[in-house]
Amino acid sequence: MLVTEVVQFSLHVLDQPVYILSLDAQSAFDRCLRQILTCELYKAGVDGAGIKLIDNRLRNRATVYEWNDFLVGPGKDDTGFEQGAVNSSDYYKIYNNEQLKTAQRSNLGVNMKDIVISAIGQADDVVQVSNSIDNLNHLAWLTERYCQKYRVKLVAAKTKLIAYYTPKQSELVEHAKLINCVSICEEKVELTGSCWYH
């Protein structure tokens, strides 16, 4: 819903096109480190007993695999959260906080008068938004720094760059296509879609 509001505000109040970069993290839940999660939980104000409980649970996880109707394992899980578990989405939100907060602090997104929206996240899904293709490139660079620090690997092939604009903003979008230098993992992300709004 926030993405829709950002698009509508940008096109009809700011009278500017908006560029959206939809990021795809490879095996997002599987690559997380519990040590980073526990630090983030501490920063979020979780008490020591709660952190210790979560750390012990994640440290002692094991998975049993099924292959050709035979159970194999258990195998020890050294990284990741229990995907599909009740708390996994909440853990990943905490794990992912720095990416979203850094983008927000940059003020490179869409200025909606009282607030600038630069990144929107839900669990491991993140979109970055801006009225400027150059600013979007800077947001992508900030995300790659986060990825290096938190063991997140983005998939350039699954990353989408879309422009929303009205007919009278089409020349701005054509110019953005020409100067676009948004890249993920040193691969240029082409503007794959554009949508006119009337």
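**Two helices and a threonine**

Author: This is a predicted model. In it, Glu-98, Gln-99, Thr-102, Ala-103 and Ser-106 of helix α6 are in contact with Leu-139, Leu-142, Thr-143, Tyr-146, Lys-149 and Tyr-150 of helix α7.

Reader: How do the residues of that contact divide into nonpolar, polar and charged?

Author: Five are nonpolar, four are polar and two are charged.

Reader: At what angle do α6 and α7 pack?

Author: The angle is about 150°, and the axes lie 10 Å apart. Angles over 145 degrees count as roughly antiparallel, so α6 is roughly antiparallel to α7.

Reader: And is the crossing left-handed or right-handed?

Author: α6 and α7 make a right-handed crossing. As for where they sit, α6 covers residues 97-106 and α7 covers residues 133-150.

Reader: Switching topic: which helix is Thr-38 in?

Author: Thr-38 belongs to helix α3, which spans residues 34-43.

Reader: Buried or exposed?

Author: Thr-38 is buried, because its relative accessibility is 14% and the cut-off for buried is under 20%.

Reader: What does the side chain of Thr-38 reach?

Author: The backbone oxygen of Gln-35, at 2.8 Å. Setting aside neighbours within four places in sequence, Thr-38 also has contacts with Ile-51 and Asp-55.

Reader: Now the whole protein. How many helices and strands are there?

Author: The protein has eight helices and eleven strands. It has 198 residues, and 42% of them count as buried.

Reader: What about contacts between residues at least 6 apart in sequence?

Author: Of those contacts, 67% join residues at least 24 apart.

Notes
Residues numbered from 1 in each chain as written. Predicted model: local features only at pLDDT ≥ 70, side-chain atom pairs only at ≥ 80, totals over all residues. Heavy atoms only, no water. Helix = DSSP H or I, 4+ residues; strand = E, 2+ residues; numbered from the N terminus. Buried < 20%, exposed > 50% of the residue type's maximum accessible area, 1.4 Å probe, protein only. Polar contact = N/O pair within 3.5 Å; in protein donor to acceptor, adjacent residues only side chain to side chain. Contact = heavy atoms within 4.5 Å. Axes fitted to C-alpha atoms, helices over the stretch in contact; angles between N-to-C directions. Parallel < 35°, antiparallel > 145°, perpendicular 65-115°, else oblique. Left-handed = near helix turned anticlockwise from the far one by under 90°. Nonpolar A, V, L, I, M, F, W, Y, C, P; charged D, E, K, R; others polar.
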